[in-house]
Structures are given as C-alpha cells and as structure tokens.
Amino acid sequence: MASSTSSPAPGSRSKKPLGKMAGWFRQALSRKPTKKPVSPESAPSAVSQPSSPHSPPSLGRSSEVSPVPTPSRGGADGGGGGGGGGSGRWSKDYDVCVCHSEEDLAAAQELVSYLEGGAASLRCFLQLRDATPGGAIVSELCHALSSSHCRVLLITPGFLRDPWCRYQMLQALSEAPGAEGRTIPLMSGLSRAAYPAELRYMYFVDGRGPERGFRQVKEAVMRYLQTLG
C-alpha cells in the first residue's frame with residue numbers, strides 16, 4: 001500500500017541553508033569595520049629614529065628649527081668716543097690744550113696766537129678764554145685735556161711754584177701715559193736741572209731757542225696730527 005506521505009524532491013533540502021548563508025554573507029559585507037583606538041604609547045613619533053648612532057635624526061614638521069637672526073654689530077664710529085665721532089684730526093674738539101700758570105698768561109696767549117695763525121690754523125684751548133662760564137674749574141680742565149690731541153706744558157718758575165699747575169701736569173700725563181708726541185713740555189726761564197722729574201722720560205722744547213721754541217712746538221703738534229690720518 002502506498003504511503004500518503006510524499007518525499008521531497010531532490011534538491012529541495014539545500015535551498016533553505018543556502019539562503020541563510022547568502023543572507024549572513026550579505027550582512028557581513030554590509031558591516032562597517034570598527035576602528036581600534038590607538039594608545040599614546042603606540043602612536044608614531046614625529047621624529048624618526050636615526051638609522052645609525054652616527055647619523056643625525058630627521059626632523060618632522062613639528063620639530064622644525066626656526067632660524068636665529070644674526071646679531072648686528074654697532075657702528076664702529078658710533079661708540080668711538082671723542083668729540084664728533086669722526087676720524088683723524090676732527091675726532092676731537094681741539095688740537096692743543098695749553099697748560100700754564102696764572103702769572104704766565106701773557107706768554108701763553110702769545111703761544112696760542114702763534115699756533116692758531118698761519119695755514120695750519122691749529123685749534124687751541126686756553127682755559128681763561130675757552131672754559132665754559134660757570135663750569136667747575138677741575139671739570140673744565142679734564143674735559144679740555146680729553147678733548148685735545150696734544151698738551152703743551154708751559155713750564156716756568158711760576159709753573160713749578162703753583163700746585164694747580166702741578167695738578168694740570170699730572171692730569172695731562174694720566175690722560176695719555178707714555179703716548180709719544182701728545183704731551184709737549186716747553187721750558188722757559190729754567191735750567192735743565194729744574195726739569196720736573198715726572199717728565200724726565202720725554203724731551204722738552206727749549207724756550208731759549210729761535211722764536212722762543214714756538215716753532216718747534218707747532219712742528220711737534222703737526223707731526224702728531226699727521227699720524228692720525
């Protein structure tokens with residue numbers, strides 16, 4: 001007797017499992033991959049490590065070195081000091097500062113007149129004529145000495161007796177110790193034995209010579225000014 005239950009057709013068993021697999025495969029493809037968080041320790045460094053101990057590391061963008069500006073030098077003439085900041089003779093206000101005693105003022109005026117005359121036209125400082133009215137005497141003297149290329153010491157018996165003249169002489173020597181040609185002693189009315197001991201290391205101009213030594217003083221000043229260029 002034939003059974004009432006019919007058997008499935010061949011191939012009908014595999015349709016349902018294949019349909020499930022196709023659906024699962026489509027779902028797997030449609031899923032977006034999740035990003036794994038990166039820890040700070042595992043983050044790549046901006047600076048790559050050198051390949052060898054002797055090769056310098058390559059710099060990333062975050063470690064670029066900004067250029068350092070080169071410091072500019074100050075002008076050579078800007079801090080040179082002196083009178084006008086120029087060079088040579090015109091770097092100071094005066095060519096000669098004449099130091100003398102009060103009783104030798106007339107002789108000092110004659111010397112200044114001689115030096116300022118002629119083609120050279122030397123610029124002389126005579127304290128009673130050129131000092132600033134109301135200025136301190138010592139300050140005016142120090143300023144005149146530092147603003148002059150040469151110093152003429154009119155050494156006379158009155159010069160040796162005057163303590164102020166001795167101060168002028170020592171101050172002139174301290175301004176240019178050992179500088180050849182800058183301090184010019186002019187001896188007048190004195191013997192060689194009376195020549196001050198502080199000046200024994202330099203020659204003096206003898207005031208008993210031609211033109212009372214004025215010409216030699218002028219030549220000495222001009223010779224020094226020529227060395228300034």
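**Entry 1: glutamate 116**

I started with glutamate 116, which lies in helix α2. I kept in mind that this is a predicted model.

Next I listed what glutamate 116 is in contact with, leaving aside neighbours within four places in sequence: Ser121, Leu122, Cys124 and Arg129. I also checked the C-alpha atoms of glutamate 116 and valine 96, which are 20 residues apart along the chain, and found a separation of 9.8 Å.

**Entry 2: the rest of α2**

α2 covers residues 105-116, twelve residues, and reaches 16 Å from its first C-alpha to its last. That is close to the 16 Å expected at 1.5 Å a residue.

Which residues of α2 are buried? I noted Ala108, Leu111, Val112 and Leu115. Looking down the axis of α2, I saw that these buried residues fall within an arc of 100°, so they line one face of the helix. A reminder to myself: an α-helix has 3.6 residues a turn, so residues three or four places apart point the same way.

What do the buried residues of α2 pack against? My list has the strands β1 (94-99), β2 (124-126), β3 (148-155) and β4 (183-187), together with the helices α3 (127-130) and α7 (214-226). After α2 comes glycine 118, and its phi is positive, near 80°.

**Entry 3: β1 and its partners**

β1 was my next stop, and this strand is mostly covered, with six of its six residues buried. How many bridges join β1 to β3? I found five, and the two strands run parallel. Within that pairing, cysteine 99 stands opposite leucine 153 in β3.

On to β2, which is joined to β1 by three bridges, again with the strands parallel. Here valine 96 has cysteine 124 of β2 as its bridge partner. I traced the chain from β1 through α2 to β2, and this β-α-β crossover is right-handed.

**Entry 4: leucine 186 and the cores**

Leucine 186 has its place in strand β4. Its relative accessible area is 1%, so leucine 186 is buried. It touches Leu111, Val152, Leu153, Leu154, Ile155, Val205, Asp206, Gly207, Arg212, Gly213, Phe214 and Val217, not counting residues up to four places away in sequence. For isoleucine 155, 31 residues from leucine 186 along the chain, I noted a C-alpha separation of 5.8 Å.

Which residues touch the most other members of the largest nonpolar core? Leu186, Val217 and Val221 do, in a core of 21 residues. β1, α2, β2, β3, β4 and α7 are the elements that give two or more residues to this core. The largest share, six residues, comes from α7. Apart from this core lies another, of 19 residues, among them Phe125, Leu141, Met187 and Tyr195.

**Entry 5: α4**

Leu141 took me to helix α4 (residues 137-146), whose buried residues are Glu140, Leu141, Ala144 and Leu145. Down the axis of α4, they fall within an arc of 130°, so these residues line one face of the helix. What covers them includes β1, β2, α3, β3 and α6 (163-175).

Technical notes. Residues are numbered from 1 along each chain as its sequence is written. This is a predicted model: local features need pLDDT of at least 70, side-chain atom pairs count only at pLDDT 80 or more; totals for chains, interfaces and linings use all residues. Side-chain values use heavy atoms; hydrogens and water are left out. Helices (H or I, at least four residues) and strands (E, at least two) are DSSP runs, numbered from the N terminus. The expected span of a helix is 1.5 Å times one less than its number of residues. Buried means under 20% relative accessible area, exposed over 50%, partly exposed in between (1.4 Å probe, protein chains only). The arc is that of the directions from the helix axis to the C-beta atoms. Contact means heavy atoms within 4.5 Å. Two strands pair if DSSP finds at least two bridges between them. A crossover is right-handed if, with the strands pointing away from the viewer, the path from the first strand over the helix to the second runs clockwise. A nonpolar core is a set of buried Ala, Val, Leu, Ile, Met, Phe, Trp, Tyr and Cys residues joined through side-chain atoms within 4.5 Å.
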